Amino acid sequence: MPQPPAALPAPSAQAPGPLHAEGLVQLLTPSGERVGDPAWDPWVEHLDAAALRGLYRDMVLVRRFDTEATALQRQGELALFAQALGQEAAQVGSGRALAPQDHVFPSYREHGVAHTRGVDLADVLRLFRGVDHGGWDPVAHGFHLYTLVIGSHTLHAVGYAMGVQRDGDVGTGDASRDTAVVTYFGDGATAQGDVSEALVFAAVNRAPVVLFCQNNQWAISEPTTRQAVVPIADRAPGFGVPSVRVDGNDVLATYAVTAAALERARSGGGPTFVEAFTYRMGAHTTSDDPSRYRSADEEQHWRDRDPIDRLRRHLEATGELPDAFVDDLAHEADALGERVRTAVRAMGRPEAASMFEHVYATPHAGVDADRAAYERFEAAMEGTGGPTSTTTGTTTGMTTGTTGGHAR
Ligand SMILES: Cc1ncc(C[n+]2csc(CCOP(=O)(O)OP(=O)(O)O)c2C)c(N)n1
Ligand SMILES: [Mg+2]
């Protein structure tokens, strides 16, 4: 039996595992100290103290939203909720690097990015309440609808980026025209075939796309070590897509690497893969109980590296976080919480027949047949006391429990 050549080392000998944190791009240490990096400093040097406070405000508001939405689910007002808790720096830093004309394809916990795209966070909860397929206008915000089919939207993003390229909106040198596309997905998603296909199409077409992976170290109960044996970012160069690993709990560093990747895309330089190394501090969703598969010590380790605390420490150390700002922000967060609660409770029930709308942009025989069958069913139920769209609506999936049997 021939032996494999000794020159072929085992994968684990080629690179450290997917959870190693050495060599991440970092501009703020966990204690809030600004560290210089000649390669990345130029991308953030225009951010003055007011801009940093703006990033801090974004993160505080997004976290308040997260807490409020989780409470609403526990009160039975939402069917399900997926927290962004712990990922605020990855999302706000990257989101604030975008230009108005850029277009984002998120997965389902990108509330921080939604906020930076001007989406009313209350509207994000329409989907989680089960009263809407989306909740906002993707074109108006350059922010596509949430996608729950893991990894599928990375293909949509690359396809959209190829469209942008064919429209001639890349590499013109006009800063208000050149456009980049960003797709957000998780560490677990990188094990899906769709993401590999997206990388192939992005590379060979030199698509103006940034593939932004939030490695939050968990795919529900599966750790990243079950998805990869090398750092996830190391995969991309094999497809011909350059990659960068960044400290995802450092809002400045995620801003810098995303700004650079976006600029590369807009100028016609092609795709970039960003791995933001972060931690999902909450449960996967409100249907999950992480204490069943990870330790309290691990959770504490990452609480000590909270992305919001990091920027707060920096602003405090530099004397740039006045009490008045903190007080105003606390009031603003309270008002946001109140507004979200009121808005959610006021969301009406859709007509059941509306489920057939917006499935396709153009008329579709299959959807028409489904609608007709549904209408026949409703007509047959008329007067029987059985289900009709006005008596049961489509919110029957709404439960007060923590495990309502919803797809997760
Ligand atoms: C194609 C597909 N397979 C499985 C699922 C079930 N599922 C929902 S979330 C999830 C884990 C995703 O983990 P990751 O990509 O790391 O994203 P995260 O939730 O950590 O943000 C899985 C397997 C799904 N929604 N879609
Ligand atoms: Mg994950």
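1. Let's begin with a helix pair. H2 and helix H12 (residues 307-317) pack at about 150°, and their axes are 10 Å apart. Since angles over 145 degrees count as roughly antiparallel, H2 is therefore roughly antiparallel to H12. The crossing of these two helices is left-handed. Please keep in mind throughout that this is a predicted model.

2. Which residues of H2 and H12 meet? From H2 come Leu 52, Arg 53, Leu 55, Tyr 56, Met 59, Val 60 and Arg 63. From H12 come Pro 307, Ile 308, Leu 311, Arg 312 and Leu 315. Sorted by class, this contact of H2 with H12 has 9 nonpolar residues, 3 charged ones and no polar ones. As a reminder when you read such lists, an α-helix has 3.6 residues a turn, so residues three or four places apart point the same way.

3. A word on H2 itself. This helix covers residues 49-74, which is 26 residues, and its first and last C-alpha atoms are 38 Å apart, close to the 38 Å expected at 1.5 Å a residue. Just after H2, have a look at the backbone of Gly 76, where phi is positive at about 85°.

4. Next, please turn to helix H3 (residues 88-95) and helix H10 (residues 251-266). Their axes lie 7 Å apart, and the packing angle is about 40°. H3 and H10 are therefore oblique to each other, and their crossing is right-handed. On the H3 side the contact is made by Ala 89, Ala 90, Val 92, Gly 93 and Ser 94. On the H10 side, Val 251, Leu 252, Thr 254, Tyr 255 and Thr 258 take part. By class, the contact of H3 with H10 holds 6 nonpolar and 4 polar residues, with no charged residues.

5. The other pair I'd like you to check is helix H5 (residues 121-129) with helix H13 (residues 323-345). Here the axes come within 9 Å and cross at roughly 40°, which means that H5 is oblique to H13. H5 passes H13 in a right-handed crossing. Leu 121, Ala 122, Leu 125 and Arg 129 of H5 meet Arg 339, Val 340, Ala 343 and Val 344 of H13. The contact of H5 with H13 divides into 6 nonpolar and 2 charged residues, with no polar ones.

6. Finally, the ligand. What comes nearest to ligand 1? Of the 16 residues around ligand 1, the nearest are Ile 150, Gly 186, Gly 188, Ala 189 and Ala 219. Strand S2 (181-186) and strand S4 (218-219) are the elements that give two or more residues to this shell. The shell around ligand 1 divides into 8 nonpolar, 4 polar and 4 charged residues.

How values were computed:
Residues are numbered from 1 along each chain as its sequence is written. Chains are lettered from A and ligands numbered from 1 in the order in which they are written. This is a predicted model: local features need pLDDT of at least 70, side-chain atom pairs count only at pLDDT 80 or more; totals for chains, interfaces and linings use all residues. Helices (H or I, at least four residues) and strands (E, at least two) are DSSP runs, numbered from the N terminus. The expected span of a helix is 1.5 Å times one less than its number of residues. Axes are lines fitted to C-alpha atoms, for helices over the stretch in contact, and angles run from 0 to 180 degrees between N-to-C directions. Angles under 35 degrees count as roughly parallel, over 145 as roughly antiparallel, 65 to 115 as roughly perpendicular and the rest as oblique. A crossing is left-handed if the near helix is turned anticlockwise from the far one by less than a right angle, and right-handed if clockwise. Two residues are in contact if their C-beta atoms, placed from the backbone, lie within 7 Å. Ala, Val, Leu, Ile, Met, Phe, Trp, Tyr, Cys and Pro count as nonpolar, Asp, Glu, Lys and Arg as charged, and the others, Gly among them, as polar. A residue is near a molecule or strand if its C-beta atom, placed from the backbone, lies within 6 Å of it.
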